[in-house]
Amino acid sequence: MSTPRKLFIKTYGCQMNVYDSERMAEALGGSGYTEVGSPEEADMILLNTCHIREKAAEKVYSELGRYKDLKAAKPDLKIGVAGCVAQAEGEEIIRRQPMVDLVVGPQSYHRLPEMEAKAGTEKVVDTDFPEEDKFERLKARPKAKRGPTAFLTVQEGCDKFCAFCVVPYTRGAEVSRPVARVLTEARDLVERGVREITLLGQNVNAYHGEGPDGRDWSLAGLIRELAEIEGLERIRFTTSHPNDMSDDLIAAHGEVGKLMPYLHLPVQSGSDRILKRMNRSHDRDSYLRLIDRIRAARPDILISGDFIVGFPEETDADFRDTMRLIEEVRYGQAFSFKYSTRPGTPAAEREQVAEEVKSARLQELQALITRQQRAVQDAMVGQTVGVLIERAGRMPGQMVGKSDHLHAVHLTADLAPGDLVRVRITESGPNSLGGVLARG
Ligand code: SAH
Ligand code: SF4
Ligand code: F3S
């Protein structure tokens, strides 16, 4: 038996990091660790980091700075850095912050228990890209009960090399997990109480995992198979690239009842000139036509997107093109960012847009998106939608869940987490909808 110890994990960045943190916590469970909610209690602190924008990466060093006193008071405390900053900076992290004991890149997590055993007596760094399926070796023991929703990574890495993005360097080449493994993990999650699974991948719709028939299966094939699992009520996936939105996946949106009417389909810019310079390999028109085809298959689908403003060489005219595209699409949700220079990416070398210009454009774009989000949300009033209850709300007797379209919905009813109910939407607030149980 290993000695009982306490682990504090702090997660930054995307949902894949959330999934990875869960797997790492489970793997370290085998070394005697249980998770705690604060760094002060911990015997080991693990930061699961994000390198996507400069600010995200800098947060890691300021957070590490805060642990200095803890480490001084408890010299046995182990401090590890995982995730995309670990991959991008490797040993440099230990040079900048010598109290770090362990640095582990996203493709080496299955080696974490061995690394943890060595940490403290020596510095351990692993940023390899091994050929094994790390998740196969990061299995849960014991199998704890879970909440109603879960992430499941099915594809990792990216071969697209958009000119602004670090992901192909931090996560490596595109790899899909075999269908049978995904199904086994999904069934296991359902047995542990999960009713909604979100399939994850940096380019999840490029999924091409080996099927039981020896052939590569598409994401649509995987979704159709997952939909057969009894007790699994809802399926989502994210993030998709416009170029990998195949006909069978579009058709699945119209045909598979368990596949939810929400699609995150980042476009980044509405200017063809900028899209080319971004190396996005789709243009404005192909994106708009794609949205039309998706809406033809599933008219009520809620479209969400990502935008970068102030990409190198972006002019006012380019920005206007982005604003016009947003007006045409009518987004239900969107994430927008000022371009952030990332060392080693092609766009870092180009002529940069002034910071004030970036800020002004971001503000204008976000104001438009907020109006659209609100309009899409307000239009739900009067409709009856499915809601998966996740937790108790702030008011007595109130429960909160997510609608089919991923809106937060609150209602007062005698319900428990995991209940899937039909709700008639009666009000639309700033960040959520309110409703009442629908009859029958
Ligand atoms: N694979 C996904 C996106 C992953 S990164 C896709 O292709 O859509 C998530 C978002 O971060 C991106 O969609 C982009 O909008 C933003 N992003 C990535 N690199 C960035 C950078 N250097 N500066 C600002 N935003 C960036
Ligand atoms: Fe980054 Fe582009 Fe790959 Fe998305 S598709 S992860 S933005 S390189
Ligand atoms: Fe960040 Fe890595 Fe995800 S850079 S967005 S944590 S893939």
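Predicted model: local features only at pLDDT ≥ 70, side-chain atom pairs only at ≥ 80, totals over all residues.
Q: Over how many bridges do strand β4 and strand β5 pair in the parallel sense?
A: Helices (H or I, at least four residues) and strands (E, at least two) are DSSP runs numbered from the N terminus, and two strands pair if DSSP finds at least two bridges between them. V81 has V103 in β5 as its bridge partner. Strand β4 covers residues 78–83 and strand β5 covers residues 102–104, and the number of bridges in their parallel pairing is three.

Q: Which strands stand at the edges of the open sheet of six strands?
A: Residues are numbered from 1 along each chain as its sequence is written, and chains are lettered from A and ligands numbered from 1 in the order in which they are written. Strands of a sheet pair through backbone hydrogen bonds, either parallel or antiparallel. Here the pairing is parallel and the order is β2-β1-β3-β4-β5-β6. The strands that pair on one side only are the edge strands, β2 (33–35) and β6 (124–126).

Q: How many bridges join β3 to β4?
A: β3 pairs with β1 in the parallel sense over five bridges, and in that pairing L7 has M44 of β3 as its bridge partner. Towards β4, L46 stands opposite G80. β3 and β4 run parallel, and the number of bridges joining them is six.

Q: Why is β3 largely enclosed by the rest of the structure?
A: A residue is buried under 20% relative accessible area, exposed over 50% and partly exposed in between, with a 1.4 Å probe and protein chains only. Both faces of β3 are covered, by M44, L46 and N48 on one side and I45, L47 and T49 on the other. β3 is largely enclosed because the number of its six residues that are buried is six.

Q: At about what angle does helix α1 run to β3?
A: Axes are lines fitted to C-alpha atoms, for helices over the stretch in contact, and angles between N-to-C directions run from 0 to 180 degrees; contact means heavy atoms within 4.5 Å. Helix α1 (residues 15–29) lies across β1 (5–11), β2, β3 (44–49) and β4, and its angle to β3 is about 155 degrees.

Q: Which strands does helix α2 touch?
A: Helix α2 spans residues 54–66 and packs on the sheet, with a direction at about 165 degrees to that of β3. The strands touched by helix α2 are β1, β3 and β4.

Q: Which strands of the open sheet of three strands have a single partner strand?
A: This sheet has the order β14-β15-β16 with parallel pairing. One side of each edge strand is left without a neighbour in the sheet, because each has a single partner; these strands are β14 (262–264) and β16.

Q: What is the relative accessible area of N279?
A: N279 is found in the loop between α11 (272–277) and α12 (284–297). N279 is not a glycine, yet its phi is positive, at about 60 degrees. N279 is partly exposed because its relative accessible area is 40%.

Q: How many residues around ligand 3 are charged?
A: A residue is near a molecule or strand if one of its heavy atoms lies within 4 Å of it, and the residues around ligand 3 are C14, N17, T49, C50, H51, I52, C84, R171 and Q202. Ala, Val, Leu, Ile, Met, Phe, Trp, Tyr, Cys and Pro count as nonpolar, Asp, Glu, Lys and Arg as charged, and the others, Gly among them, as polar. The shell has four nonpolar and four polar residues, and the number of charged residues is one.

Q: What distance separates the centres of domain 1 and domain 3?
A: The protein chain is divided into domain 1 (5–126), domain 2 (143–260) and domain 3 (384–437), with bounds from an automatic or database domain assignment. Taken over C-alpha atoms, the separation of the centres of domain 1 and domain 3 is 36 Å.

Note on methods. Heavy atoms only, no water.
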